[in-house]
Amino acid sequence: MPKVKLTITSSDCRSGCHKAGETYIVEDVCPPVCHELWHAIYPNVYALQNGGTLDCGETRAKYFDAKCPDEGRVCIHGEVLPE
């Protein structure tokens, strides 16, 4: 199963859970990511872990950018790591 790297690209988290520059590697267990953020990004992570690609403008890609459902206070980038 491919590993997915998650990087917090910006953060104004109300609870202080995340800081810009934090990284997590997702293998088979959920990383220590805020549950609201994880809920928003999990479908993308699951697709990438299972060989899928995601819409990226006019193309398909093995990465995504997403925002926290709390007014986009945390931005995250996910990408498949080379095996």
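Gly51, which comes after helix 1, has a positive phi near 85°. The structure discussed here is a predicted model. Helix 1 itself spans residues 35–49. The helix bends by about 50° at Ile41, and a proline, Pro43, follows within four residues of that position.

The buried residues of helix 1 are Leu37, Trp38, Ile41, Val45, Leu48 and Gln49. The buried residues of helix 1 pack against strand 1, strand 2 (23–26), strand 3 (54–56), strand 4 (59–61), strand 5 and strand 6.

## Aromatic residues along the helix

How many aromatic pairs does the model contain? The count comes to two aromatic pairs. Trp38 and Tyr42 form a tilted aromatic pair, with 5.5 Å from centre to centre and 50° between the planes. These two residues are four apart in helix 1, so about one helical turn separates Trp38 from Tyr42. Residues three or four places apart in an α-helix point the same way, because the helix has 3.6 residues a turn. Trp38 is buried, at 14% relative accessible area, whereas Tyr42 is partly exposed, at 36%.

Tyr42 also forms a tilted aromatic pair with Tyr46, at 5.9 Å centre to centre and 45° between the planes. Tyr42 and Tyr46 are likewise four residues apart in helix 1, and about one helical turn lies between them. Tyr46 counts as partly exposed, with a relative accessibility of 46%. Through these ring pairs, Trp38, Tyr42 and Tyr46 are linked into a cluster.

Four strands make up an open sheet with the order 2-1-6-5 and antiparallel pairing. Strand 2 and strand 5 are the edge strands, each pairing on one side only. From one strand to the next, the twist averages 20°. In general, the strands of a sheet pair through backbone hydrogen bonds, either parallel or antiparallel.

Strand 1 (residues 4–11) and strand 6 run antiparallel and are joined by seven bridges. Within this pairing, Lys5 has Glu79 of strand 6 as its bridge partner, and Ile8 has Ile76 of strand 6. On the strand 5 side, strand 5 (residues 63–67) pairs with strand 6 in the antiparallel sense over five bridges. There, Ala66 stands opposite Ile76 in strand 6.

Is strand 6 largely enclosed or largely exposed? Strand 6 (residues 74–80) has five buried residues out of seven, so it is largely enclosed by the rest of the structure.

## The hairpin of strands 5 and 6

Strand 5 and strand 6 form a hairpin, with six residues between them. Which residue in the turn has a positive phi? Glu71, in the turn, has a positive phi of about 60°. Most residues other than glycine have a negative phi. Glu71 has its positive value although it is not a glycine.

Glu71 lies in the loop between strand 5 and strand 6. With a relative accessible area of 65%, Glu71 is exposed.

## A buried histidine

His18 lies in the loop between strand 1 and strand 2. Is His18 buried or exposed? With a relative accessible area of 3%, His18 is buried, because this value is under the 20% cut-off.

The side chain of His18 reaches the backbone nitrogen of Cys34 at 3.1 Å. Apart from its neighbours within four places in sequence, His18 is in contact with Ile8, Ser11, Cys13, Tyr24, Pro32, Val33, Cys34, Leu37 and Val74.

Conventions: Residues numbered from 1 in each chain as written. Predicted model: local features only at pLDDT ≥ 70, side-chain atom pairs only at ≥ 80, totals over all residues. Heavy atoms only, no water. Buried < 20%, exposed > 50% of the residue type's maximum accessible area, 1.4 Å probe, protein only. Pairing = 2+ DSSP bridges. Phe/Tyr/Trp six-rings, centres within 6.5 Å; stacked < 30°, edge-to-face > 60°. Bend = angle between axes of the 7 residues up to and from the residue. Contact = heavy atoms within 4.5 Å. Axes fitted to C-alpha atoms, helices over the stretch in contact; angles between N-to-C directions. Polar contact = N/O pair within 3.5 Å; in protein donor to acceptor, adjacent residues only side chain to side chain.
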